[in-house]
Amino acid sequence: MPTTEEHRELSESVGWGDAFWWQAVPASLTGSTCGVVVHHGGGELVGMGRVVGDGAFYFYIQDVVGHPDHQGRGLGRTIVEGLVDMVRQQAPGHCFLGLFATSAAERLYRSLGWEAHEMLGMWRVIRD
């Protein structure tokens with residue numbers, strides 16, 4: 001699981017720094033079902049991803065990030081495949097695995113067998 005600092009560093013590297021309420025991230029990471037952090041040879045942080053959900057049937061891939069200097073080399077594919085394997089181990093029967101993708105990541109997810117369905121994905125950010 002990424003630390004809060006790793007999560008922030010990678011999120012900011014792709015312009016997602018304002019997408020999170022950083023005070024809530026430590027508890028959010030703790031509540032995750034599973035996650036992965038990828039370091040390059042000398043220890044350089046290059047990628048992360050995690051899964052949230054109920055740990056039994058509903059799972060959502062979340063916060064998949066590859067550092068821009070390492071994109072286009074299969075890093076995202078490796079992260080997503082690792083997360084799917086972790087979900088399979090945790091829920092070996094049938095389960096629902098979902099995600100929200102940026103338009104830049106749509107091609108990656110489609111190449112991994114993900115499909116858009118005729119469901120309406122909705123979300124809302126609640127702020128004080």
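The model is predicted, with local features requiring pLDDT of at least 70, side-chain atom pairs counted only at pLDDT 80 or more, and totals for chains, interfaces and linings using all residues. Residues are numbered from 1 along each chain as its sequence is written, and side-chain values use heavy atoms, without hydrogens and water.

**View 1. The largest nonpolar core.** This core, a set of buried Ala, Val, Leu, Ile, Met, Phe, Trp, Tyr and Cys residues joined through side-chain atoms within 4.5 Å, has 17 residues. Buried denotes under 20% relative accessible area, exposed over 50%, and partly exposed in between (1.4 Å probe, protein chains only). Val51, Ile61, Val64, Val80 and Leu83 have the most contacts inside the core. At least two core residues each come from strand E1 (34-40), strand E2 (44-53), strand E3 (58-66) and helix H3 (75-90); H3 gives the largest share, 6 residues. Helices (H or I, at least four residues) and strands (E, at least two) are DSSP runs, numbered from the N terminus. Val64 is in contact (heavy atoms within 4.5 Å) with Trp16, Met48, Gly49, Ile79, Val80, Leu83 and Tyr109, leaving aside residues up to four places away in sequence.

**View 2. The largest pocket.** A pocket is an open set of points on a 1 Å grid over the protein atoms alone, where a 1.4 Å probe fits, with protein on both sides within 12 Å along at least five of seven lines; lining residues have an atom within 4 Å of a point. The volume, that of probe spheres set on points joined across faces, edges and corners, is about 1700 Å³. Of the 42 lining residues, Trp16, Phe20, Gln62, Asp63 and Thr102 lie nearest the centre. E3 provides the largest share of the lining, 6 residues.

**View 3. The second largest pocket.** Gly98, Leu99, Glu115, Ala116 and His117 are the closest to the centre among the 19 residues that line this pocket. Strand E4 (96-99) and helix H4 each supply at least two lining residues, and E4 gives the most, with 4.

**View 4. Cys34 and Cys95.** With a disulfide taken as a pair of cysteine sulfur atoms within 2.5 Å, the count is 0. Cys34 is in no disulfide, and the nearest cysteine sulfur, that of Cys95, is 11 Å away. Cys34 counts as buried because its relative accessibility is 10%, whereas Cys95, at 29%, counts as partly exposed.
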